[in-house]
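Here is a short briefing on one protein chain. Keep the structure open while you read, and find each part as it comes up.

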Amino acid sequence: MRSGEALAQAIAEAMTWPDVVSSAQSMLAECRKLGLVSDWEGCAKVDDFAALLVAAARHLPPGGSIETGVHKGGTAGPLLWVAAPESFHVSIDPYGVPGQSYSIPSYGDWAMVRHTTAVLAWLAQQRRVTFCPYLTDSLTFIKADLLRHPGTFRFVHLDGDHSEEAVRAELDYFRPRAATPALFILDDHDEHFPGVDAALGSAGQGLIPILHRFYDFPNYGVAGFSAWLHVA
């Protein structure tokens, strides 16, 4: 059995394999046809995120996924796509109800919410994945101890409230409930949300780094995300 460090390196290297890149682009194209698009559309961050999921899916045991923050489904779609058949995808704090980090008018666009939820449910049906959306913030979800779903979770994408309190609580709660090994992705791990890095310092012990990338996004500045391998 390879070490955690070797597995993390293998996932990072697999992101550049031509067949992984091709599969990731095909997955994104299918999601875009359904209207599942990222806030970062047009930025290399979207391509890197997709390649990371495809690469990790080839190296990790079968399992489902957990996501805090959904909006237009640009990351939820790929997470559903790579989830193992008969697994669960749990979405928390989906569309900017109180507890979301951002103040963007489209987070109150409930017509978009209904459309995105319906499309994700349809995609989950096609992929044989059970889709479990929770319209609440992650801290409320955690305090209620709602993660009682059967099976294992190999992907955890944290993109809801980026405060230190919330991210620390998410790491403390989801890590013992995730499979091992499992991939943790921390979105907005950049200067805009210092709470993400602070939470890693207090609750990220033992996580093995896979990557931490930054992108110059027009009219926003430098945006970044990081990926980590959780092992027992």
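Start with Phe 141: at 0% relative accessibility, this residue counts as buried, because the cut-off for buried is under 20%. The model is predicted.

**The aromatic cluster**

- Four residues form one aromatic cluster: Tyr 134, Phe 141, Tyr 173 and Phe 174.
- Tyr 173 counts as buried, at 6% relative accessibility.
- How are the rings of Phe 141 and Tyr 173 placed? Their centres are 6.4 Å apart and their planes stand at 85°, so the pair is edge-to-face.
- This pair links distant parts of the chain. Phe 141 sits in helix H6 and Tyr 173 in helix H7, 32 residues apart.

**Helix H7 and its cover**

- Helix H7 spans residues 164-174.
- Which residues of H7 are buried? They are Ala 166, Val 167, Ala 169, Glu 170, Leu 171, Tyr 173 and Phe 174.
- Residues three or four places apart on an α-helix point the same way, because the helix has 3.6 residues a turn.
- Strands S1, S2, S4 and S5 are among the elements that cover the buried residues of H7.
- Helix H6 (138-143) and helix H8 (194-203) are also included in that cover.

**Other aromatic contacts**

- The count comes to 7 aromatic pairs.
- One of them joins Trp 40 and Tyr 220: the ring centres are 5.2 Å apart and the planes are at 80°, so this pair is edge-to-face.
- Where do the two residues lie? Trp 40 is in the loop between helix H2 (18-33) and H3, and Tyr 220 is in the loop between S6 and S7. The pair therefore ties together parts that are 180 residues apart in sequence.
- Are these two residues buried or exposed? Trp 40 counts as buried, at 12% relative accessibility. Tyr 220 is partly exposed, with a relative accessible area of 31%.
- A charged residue also meets a ring: Arg 127 lies over the face of Trp 81, at 4.3 Å from the ring centre.

**The sheet as a whole**

- How many strands form the sheet? There are 7, and the sheet is open.
- Their order is S3-S2-S1-S4-S5-S7-S6, with mixed pairing.
- Strand S3 (130-134) and strand S6 (208-217) are the edge strands, each pairing on one side only.
- Neighbouring strands of the sheet are turned by 10° against each other on average, direction ignored.
- Helix H1 (residues 4-14) packs on the sheet and touches S6 and strand S7 (221-230). The direction of H1 makes about 30° with that of S6.
- Helix H3 (residues 44-59) packs on the sheet too. H3 touches strand S4 (153-158), strand S5 (182-187), S6 and S7. The direction of H3 makes about 170° with that of S5.

- S1 is mostly covered: 5 of its 5 residues are buried.
- Gly 64, Ile 66 and Thr 68 point one way from S1, while Ser 65 and Glu 67 point the other way.
- S1 (residues 64-68) pairs with strand S2 (residues 88-92) in the parallel sense, over 4 bridges.
- Thr 68 stands opposite Ile 92 in S2.
- Glu 67 has Ser 91 in S2 as its bridge partner.
- S1 also pairs with S4 in the parallel sense, over 5 bridges. There, Ser 65 has Phe 155 in S4 as its bridge partner.
- What lies on the path from S1 to S2? The chain crosses through helix H4 (residues 76-82), and this β-α-β crossover is right-handed.

**Strand S7 and its neighbours**

- S7 is mostly covered, with 8 of its 10 residues buried.
- S5 and S7 pair in the antiparallel sense over 6 bridges. Ala 182 has His 230 in S7 as its bridge partner.
- S6 and S7 pair in the antiparallel sense over 9 bridges. Asp 216 has Val 222 in S7 as its bridge partner.
- S6 and S7 form a hairpin with 3 residues between the strands. In this hairpin, Asn 219 takes a positive phi near 65°.

Technical notes
Residues are numbered from 1 along each chain as its sequence is written. This is a predicted model: local features need pLDDT of at least 70, side-chain atom pairs count only at pLDDT 80 or more; totals for chains, interfaces and linings use all residues. Side-chain values use heavy atoms; hydrogens and water are left out. Two strands pair if DSSP finds at least two bridges between them. Axes are lines fitted to C-alpha atoms, for helices over the stretch in contact, and angles run from 0 to 180 degrees between N-to-C directions. Contact means heavy atoms within 4.5 Å. Buried means under 20% relative accessible area, exposed over 50%, partly exposed in between (1.4 Å probe, protein chains only). Rings of Phe, Tyr and Trp (its six-membered ring) pair if their centres lie within 6.5 Å; planes under 30 degrees apart count as stacked, over 60 as edge-to-face and the rest as tilted. A charge sits over a ring if NZ of Lys or CZ of Arg is within 6 Å of the ring centre and within 35 degrees of the ring normal. A crossover is right-handed if, with the strands pointing away from the viewer, the path from the first strand over the helix to the second runs clockwise.
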